[in-house]
Amino acid sequence: MATMVPGTQPYGNLPDSALAVSGDRIAWIGAASEGRARAAAQGIPAEDATGLWITPGLIDCHTHLVYGGNRVEEFEKRLCGVSYEEIARAGGGIQSTVNATRSATLQSLRESAALRARRLMSEGITTIEIKSGYGLELETERRLLQVARDLGRELPLSVATTYLGLHALPKEFQHDRQGFVDRVSGAWLQNLAAAGLVDAVDAFCENIAFSLEETEQFLRAAQKLGLRAHVHAGQLSDMRAAELAAKYHALSADHLEFLSEEGVRALKVAGTVAVLSPGAYFTLRQTTPPPVQALRQAGVPMAVATDCNPGSSPCTSLLLALNMACTLFGLTPEEALAGATRHAARALGLQQEIGTLETGKSADFALWRIDRPAELCYGLGANPCVSVVHRGRIRS
């Protein structure tokens with residue numbers, strides 16, 4: 001059992017072990033022999049997992065799962081030398097997905113998002129964070145967040161929702177940036193929060209998106225409503241967005257390809273998780289990786305996510321993201337797996353509930369036909385997941 005509880009044993013390993021579930025909670029963890037004896041004595045049903053590894057349910061802590069259309073045409077353009085920034089400035093990029101999403105039916109959004117969610121779930125994922133951000137108007141943003149909430153009710157999956165209010169400037173506000181930021185930070189945010197659709201907020205703080213001042217206005221408004229934050233920081237340039245995230249004690253700063261020593265120190269002091277997105281780094285063919293060694297030395301927790309989105313990371317495999325985090329960024333397999341379990345849980349503010357196998361926590365775990373946990377970061381296209389338990393129920 002790879003409990004992923006930090007300590008002296010790699011992966012928090014408990015050899016020849018067992019766990020018991022009561023309701024939706026882990027009720028007991030101990031030696032397999034004792035578990036068998038207890039089950040037999042009390043007439044409790046037991047599942048034989050001999051020869052398998054058990055890990056916490058995996059957590060994808062950064063996705064843009066709900067959207068319309070795709071951006072395969074831009075993929076072709078980038079392969080021909082057109083940059084992500086050039087495409088965005090020409091009206092493509094996020095804006096093209098906004099157009100497709102606004103025109104999509106509610107049913108089509110639900111069906112496509114559920115398909116992506118099930119692909120992720122097949123790899124042992126029990127919790128997914130889902131951002132909005134492809135509506136850029138109140139009613140479409142509401143639809144995206146509602147679809148995300150519905151997925152959490154209709155699938156054996158836990159969903160955390162994030163209002164990505166500042167993602168891109170919509171075309172109808174091209175000559176009124178401040179008006180858009182005011183709406184996102186004011187009436188729109190208040191409306192969505194009052195409807196119970198928002199667990200946290202997010203902003204794309206970047207030279208092709210929103211400034212530090214605009215981002216701070218949004219974060220300040222969210223803070224007044226008691227909402228935690230994530231920040232897209234340092235993906236294309238260092239605008240000191242990581243320091244801003246730290247100032248507001250954001251749950252996470254995400255991407256971080258461009259991050260200064262000051263930014264690293266700020267994240268450490270604030271307890272903000274660094275969420276790495278190797279899928280986007282790979283797809284955009286970036287050449288400046290996040291400063292993993294500096295984050296490691298500072299003790300900043302590093303999570304790993306798919307960043308599933310139609311433009312920069314059309315990825316529905318967290319296991320592939322773990323491999324990329326190792327091969328492209330230099331994480332060890334143990335660091336990568338921690339990044340999809342306990343650190344991903346912290347990036348969502350859920351570390352007391354999920355992310356490790358401990359008595360009293362939610363009974364979310366996955367069973368794998370592997371010889372050692374590092375195999376979860378090793379295979380390309382392999383899926384050794386045998387079974388998943390979500391909130392105490394075996395997922396079919």
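Predicted model: local features only at pLDDT ≥ 70, side-chain atom pairs only at ≥ 80, totals over all residues.
Helices and strands are here DSSP runs, a helix having at least four residues and a strand at least two, and both are numbered from the N terminus.

**Residues with positive phi**

- M4, which is placed in the segment before β1 (17-22), has a phi near 60°, a positive value in a residue other than glycine.
- Because buried means under 20% relative accessible area, M4 counts as buried with its relative accessibility of 0%.
- L136, found in the loop that runs between β5 (125-131) and α6 (138-154), likewise has a positive phi, of about 55°, although L136 is not a glycine.
- The relative accessibility of L136 is 1%, so this residue also counts as buried.

**The largest pocket: space and lining**

- The largest pocket holds about 1200 Å³ of space, and its lining is made up of 35 residues.
- Among these lining residues, A18, L19, A46, E47 and D48 are the ones that lie nearest the centre of the pocket.
- By residue class, the lining of the largest pocket divides into 22 nonpolar, 8 polar and 5 charged residues.

**The largest pocket: contributing elements**

- At least two residues of the lining come from each of β1, α1 (32-42), β3 (53-56), β12 (365-368) and β13 (385-390).
- Of the elements that line the largest pocket, α1 gives the most, with 6 residues.

Terms used:
Residues numbered from 1 in each chain as written. Heavy atoms only, no water. Buried < 20%, exposed > 50% of the residue type's maximum accessible area, 1.4 Å probe, protein only. 1 Å grid on protein atoms, 1.4 Å probe; cavity = no way out; pocket = protein on both sides within 12 Å on 5 of 7 lines; lining within 4 Å. Points joined across faces, edges and corners; volume = space filled by probe spheres on them. Nonpolar A, V, L, I, M, F, W, Y, C, P; charged D, E, K, R; others polar.
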